[in-house]
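Take a look at the model below.

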Amino acid sequence: MDILEILRRHCPTRRFYEICLTHGKDVAGVAIELAQRIDEKVDLVFLEEAAILHDIGAVQTWQPQLGCNGVFPSFCHGFLGAEILRQEGLPRHANVCERHVGTGLTRDMIVSKNRVLPANQRLPVRDMTPQTIEEELICFVDCFFSKWKLGEKRSLWEAREKVLESGQNVNQFDLWVEKFLR
């Protein structure tokens, strides 16, 4: 499986491909570093692949500054990426995409977000929170990086503030701080 070819095939512009690849490698590098420090068994090859592909669904969102001219709001990119990767025959990678947004999207969060979306842009109502150690690592580390400022890692305080500002589950973030950074 050539994950770079999959990424290339689904990125309409060279710019968006480079953004996804650079951001994905930033997330992969820190996630692998953290995985090597914990006691749980982590599939490092899968972790790297999934980190590189985790934002592929952004291509279908409206984020013109990234070169994405889709119709969906940005928080839908996880679910949209999961659809792409399931079509590619990568169900584990798809789960990472679906479950990595913020600190994960709960059923209640999805119901709330769907209330303000047109019917054709709604997320399926189901739990989209990380379930595996690899999903947790990518979700957590992604909080430290932005696709807008490639290569810049937020401090722990900045990442936590971003989680708070976006209405995500800061308690989950704090649990991951204890699990991965202590």
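Predicted model: local features only at pLDDT ≥ 70, side-chain atom pairs only at ≥ 80, totals over all residues.

## Aromatic pairs

The structure holds five aromatic pairs. One of them joins phenylalanine 140 and phenylalanine 173. Their ring centres are 5.3 Å apart, and the planes make an angle of 45°.

Where do the two rings sit? Phenylalanine 140 lies in helix α7, residues 133–142, and phenylalanine 173 lies in helix α9, residues 170–181. The pair therefore ties together parts that are 33 residues apart in sequence. Phenylalanine 140 is buried, with a relative accessible area of 0%. Phenylalanine 173 is buried too, also at 0%.

Phenylalanine 140 has another partner, tryptophan 176. Here the centres are 6.2 Å apart and the planes stand at 70°, so the pair is edge-to-face. Tryptophan 176 lies in helix α9 and phenylalanine 140 in helix α7, so this pair ties together parts 36 residues apart in sequence. Tryptophan 176 counts as buried, at 2% relative accessibility.

## A cluster of rings

Which residues do the ring pairs link into a cluster? They are Phe140, Phe144, Phe173, Trp176 and Phe180.

## Charges over rings

Arginine 92 lies over the face of another ring, that of phenylalanine 46. Its distance from that ring centre is 3.8 Å.

## Helix α5

Helix α5 covers residues 91–99. Its buried residues are His93, Ala94, Val96, Cys97, Glu98 and Arg99. What do they pack against? Their partners are α3 (44–53), α4 (77–87) and α7. Helix α7 is also the helix that holds phenylalanine 140.

## Glutamine 63

Glutamine 63 is found in strand β1, which covers residues 62–63. Is glutamine 63 buried or exposed? It counts as buried, because its relative accessible area is 6% and the cut-off is under 20%.

The side chain of glutamine 63 makes a polar contact of 2.7 Å with the side chain of threonine 61. Now leave aside the neighbours within four places in sequence. Glutamine 63 is then in contact with Ala58, Cys68, Ser74 and Trp148.

Technical notes:
Residues numbered from 1 in each chain as written. Heavy atoms only, no water. Phe/Tyr/Trp six-rings, centres within 6.5 Å; stacked < 30°, edge-to-face > 60°. Helix = DSSP H or I, 4+ residues; strand = E, 2+ residues; numbered from the N terminus. Buried < 20%, exposed > 50% of the residue type's maximum accessible area, 1.4 Å probe, protein only. Lys NZ or Arg CZ within 6 Å of the ring centre and 35° of its normal. Contact = heavy atoms within 4.5 Å. Polar contact = N/O pair within 3.5 Å; in protein donor to acceptor, adjacent residues only side chain to side chain.
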